[in-house]
Amino acid sequence: MRKIGTCNSIEEVVRQNVEKNFPVSFEEFMEEKGEPYIENLDETISLINSFLDSEDGNKKNITIVGDYDCDGISATTIMAAGIMLRGTQPKLRIPHRFSEGYGINERIIDSIDDGLLITVDNGIAAIDAIKKAKEKGLTVIITDHHLAAIGEDGNKVLPEADIILDPHVNPENSGFEDYCGAGIAYRIARGLNPDKELRTLLVLASIATVADVMPLYGANRKLVSEGLLAINEQTDETVLPGLSALLALTRLGDHINEVDYGFTLAPLFNAPGRLHDDGSEMVVRLLTMGKRNPELLPTAERVVNNNNRRKELVRLAMDEIRKQLMGGEEVSEADIQKPIVVYQPGIGEGVVGLIAGRLCEEYRCPVICLTDSKDDGILKGSARSIPEIHVKNVLDSIQNLCYKYGGHAGAAGLSIKEENFAEFKDAFRKACEDQIEGEYPWDRIPEIEYDLELVENSLDALMEEQKRFAPYGEGNPKPIFHRVCNIDPATVNYLGQNAHIKFISEGVTFLGFNIAKKYRELGEPSVFHVSGTLEESWFRGERSYQFQIADMEGFGV
């Protein structure tokens, strides 16, 4: 058993995390932040205004091209709403996930005759597509938050757009660089409509900020805090009808928090696009529907059903990949080669990122999960990484073996030629190892880690102190508590096809997702250590406490 840190209060935990993870002091972190200067924001708003105010009919043609994840869907909806409030109906386009891949492409450019093209949450690496758009005479604004492509000479390669609004291009020229795509779209929508309340759009931007794992300090911290206040009001002025329908179907109630954003709403936004080529357009249609649209509830129900199907597909794929990694009963988990690069045909391009994330968390190492694609001889997949390894930098160093790729420190999307799979696997592992000095993180013996002891008679006070520093998320994780549990094993409930466990100890409900296997491996003990987070649970207006188990260990360890 190992305790990380010597914190005596939640404030100490937060102070340490802020000092470690953010470029601001604790005092600055706690301050309410305004809207920081972003390079090219004013120029972007001015150019869009010139189209909205023009008497030239062709200039009224505005096309918004987004992305198929929660951030891209939210950014598309926000940008469209901001323009529609000015009396112009833009055309909306989400790239088809399986037939077109990520980001704007030349096929989309071919479908646009004239006018203004605005990308949201993509475009910074679309060199060829933007070049073609300019050759056609389109006016192009790129709004993105991803890293620019890097040429073989090590320099940034930027598309030839009229305006590029991406704080990561020249971070030194902006007051804040960590917005997601929807956060940037929200700033533009506000600039286009300075006299209007845009709280429904604020809510979408706050959901996307959590879903896209943006650092929660500065402008992001304020955006998510205000978004949570708005969504819990649940009025027509704060929640779009489509989102309201999803909230009703998921029964989230009026005590929604950032955990609900990440684990309930974001998967709903993402699920249709993971399963269907044009599935994300279903979510955009839902979010842009009016309250009286007869398709509102049926569309919301289809979104929820897609998410349920997505869960089942991931479960089945994880079972198959674990068998592949283990290579039979004679191989132990310790023998699995790490970092992990795995190819599993037929699992669907839309779920490889989820599988890579699960494996990364389970085996504590960078993971690339690849599957087959519509293009013969090309494997497509996703990468997920641990804090010690910047996966985009790794891919930059072996880009000669990549067919296409893009991403950031913790995650990336990529495709490779099937014939290069073995060589790519070896090169990726070596490039990851080259970033580490000393012992590899995946070789360390896993130990239970926590910040504070959980004291039952002070739960109310702990929860109130915890709320002072919310919202929690990237860079500001919730404090991890430790408890020794003493229970009757017969009272443990196994849930979710025996993958999860639930039990009650001294009036607190303990819930552990995907931890039942470890509990059984420990011999289903009556006394054991747990670490995890303290959560509120609401039912019919009554509050109770729930301990979300992150890890467990046998007693005496």
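Q: Is Lys392 buried or exposed?
A: In this predicted model, Lys392 has 4% relative accessibility and therefore counts as buried, the cut-off for that term being under 20%.

Q: Which helix is it in, then?
A: Lys392 belongs to helix α15, which covers residues 391-397.

Q: And what does Lys392 touch, leaving aside residues up to four places away in sequence?
A: With those left out, Lys392 is in contact with Leu147, Ala148 and Ile150, and also with Tyr405, Gly407, His408 and Ala409. Along the chain Ala411 is 19 residues from Lys392, yet the C-alpha atoms of the two are 7.4 Å apart.

Q: Switching to the sheet, what is the strand order?
A: The order is β13-β14-β18-β19-β17-β16-β15, which makes an open sheet of seven strands with mixed pairing. At its edges are β13 (452-453) and β15 (493-495), and each has a single partner strand, so one side of each has no neighbour in the sheet.

Q: How many bridges hold β18 to β19?
A: There are 12 bridges between β18 and β19, and the two strands run antiparallel. Among the facing residues, Val530 is opposite Met552 of β19, and Phe539 is opposite Glu542 of that strand.

Q: What sits between those two strands, β18 and β19?
A: Two residues do, as β18 and β19 form a hairpin, and in its turn Arg540 has a positive phi of about 55 degrees.

Q: How many bridges join β14 to β18?
A: Six bridges join β14 to β18, and these strands are antiparallel; one of the pairs involves His482, whose bridge partner in β18 is Ser531.

Q: Now α17: which of its residues are buried?
A: In α17, which spans residues 459-468, the buried residues are Leu459, Leu462, Met463, Glu465 and Gln466. Viewed down the helix axis, the buried residues of α17 fall within an arc of 165 degrees, so they line one face of the helix.

Q: What do they pack against?
A: The buried residues of α17 pack against helix α1 (10-21) and against the strands β14 (481-486), β17 (508-512), β18 (527-539) and β19 (542-554).

Q: Which residues line the largest cavity?
A: The largest cavity is lined by Ile38, Leu41, Leu165, Tyr179, Ile184 and Arg187; by class, this lining comprises five nonpolar residues, no polar residues and one charged residue.

Terms used
Residues numbered from 1 in each chain as written. Predicted model: local features only at pLDDT ≥ 70, side-chain atom pairs only at ≥ 80, totals over all residues. Heavy atoms only, no water. Buried < 20%, exposed > 50% of the residue type's maximum accessible area, 1.4 Å probe, protein only. Helix = DSSP H or I, 4+ residues; strand = E, 2+ residues; numbered from the N terminus. Arc of directions from axis to C-beta. Contact = heavy atoms within 4.5 Å. Pairing = 2+ DSSP bridges. 1 Å grid on protein atoms, 1.4 Å probe; cavity = no way out; pocket = protein on both sides within 12 Å on 5 of 7 lines; lining within 4 Å. Nonpolar A, V, L, I, M, F, W, Y, C, P; charged D, E, K, R; others polar.
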